[in-house]
Amino acid sequence: MAFELPDLPYAHNALDPHISERTLEFHHDKHHATYVKNLNGLVENTPLANESLEGVIKAVAGDASKAGVFNNAAQVWNHTFYWHSMKPGGGGTPSGDLAAKIDADFGGFDKFAEAFKTAGATQFGSGWAWLVLDGGTLKVTKTANADLPLAHGQTALLTVDVWEHAYYLDYQNRRPDYLSTFLDSLANWDFAAENLSKAS
């Protein structure tokens with residue numbers, strides 16, 4: 001069972017002007033596609049070829065001899081999750097149970113937003129900033145390179161990609177501007193709320 005590149009959940013130009021069509025063409029059609037191709041090559045003719053993506057990640061997490069498999073599998077998962085963490089006309093503030101949980105665990109949306117943007121801005125080099133559910137509590141975390149909450153027993157609710165190829169064509173070295181735009185105009189709070197509901 002070969003892993004496949006999932007389609008974007010919107011058109012390549014749907015996030016304009018915040019993320020350009022050119023960025024999504026490179027990021028999804030080339031970077032994400034390469035991780036899928038590499039993963040298939042690494043697991044071909046092994047027992048992992050019949051596992052789910054999450055199964056592969058859990059099976060090889062922490063095994064240095066399988067770092068290549070982990071990195072490519074995790075990046076396939078991370079990117080798929082990232083595409084769904086955004087939507088046209090997104091951003092702003094969440095509502096309902098998610099908003100109440102953010103208020104309870106962070107002391108308000110503004111404090112969450114500050115922590116999330118700080119996590120993304122201070123991730124040295126490549127990586128990700130996450131809103132996760134950890135032991136029943138919402139937290140902001142950051143991971144380097146391909147690492148992800150799944151490898152640490154946490155449930156991801158929302159992520160932003162801070163690898164340079166995610167934003168450099170549109171924002172150059174202005175990563176903080178990209179992070180602010182993500183929260184203001186792109187974040188898919190319906191997706192985060194759905195993930196919280198499933199985990200609760």
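In what sense do strand β1 and strand β2 pair, and over how many bridges?

View 1. Strand β1 (residues 127-134) and strand β2 (residues 137-144) pair in the antiparallel sense, over eight bridges; two strands are said to pair if DSSP finds at least two bridges between them. Helices and strands are DSSP runs numbered from the N terminus, a helix being H or I with at least four residues and a strand being E with at least two. The two strands form a hairpin with two residues between them, and G135 in the turn has a positive phi of about 60°. Within the pairing, A129 stands opposite K142 in β2. This is a predicted model, in which local features need pLDDT of at least 70 and side-chain atom pairs count only at pLDDT 80 or more, while totals for chains, interfaces and linings use all residues. Residues are numbered from 1 along each chain as its sequence is written, and side-chain values use heavy atoms, with hydrogens and water left out.

**View 2. Helix α1 against helix α3.** Helix α1 (residues 21-43) packs with α3 at an angle of about 145°, and their axes are 9 Å apart; axes are lines fitted to C-alpha atoms, for helices over the stretch in contact, and angles run from 0 to 180 degrees between N-to-C directions. The contact (heavy atoms within 4.5 Å) involves residues of α1 including L24, H27, Y35 and L39, and residues of α3 including V69, N72, V76 and W83. By class, the residues of this contact divide into 11 nonpolar, nine polar and no charged, where Ala, Val, Leu, Ile, Met, Phe, Trp, Tyr, Cys and Pro count as nonpolar, Asp, Glu, Lys and Arg as charged, and the others, Gly among them, as polar.

**View 3. Helix α2 against helix α3.** Helix α2 (residues 53-60) and α3 pack at an angle of about 145°, with 9 Å between their axes. From α2, L53, E54, V56, I57 and V60 meet V69, F70, A73, A74, V76 and W77 in α3. The contact of α2 with α3 has 10 nonpolar residues, no polar ones and one charged residue.

View 4. N78 lies in helix α3 and is buried, with a relative accessible area of 0%; buried means under 20% relative accessible area, exposed over 50%, and partly exposed in between, with a 1.4 Å probe and protein chains only. Not counting residues up to four places away in sequence, N78 touches W128, W130, A146, D147, L148 and T159.

View 5. In helix α7 (residues 175-186), the buried residues are R175, Y178, L179, T181, F182, L183, S185 and L186, and what covers them includes α3 (67-84), α5, β3 (155-161), α6 (168-171) and α8 (189-199). Leaving aside neighbours within four places in sequence, F182 is in contact with Y82, S85, M86, G91, F116, L158, T159, V160 and A187.
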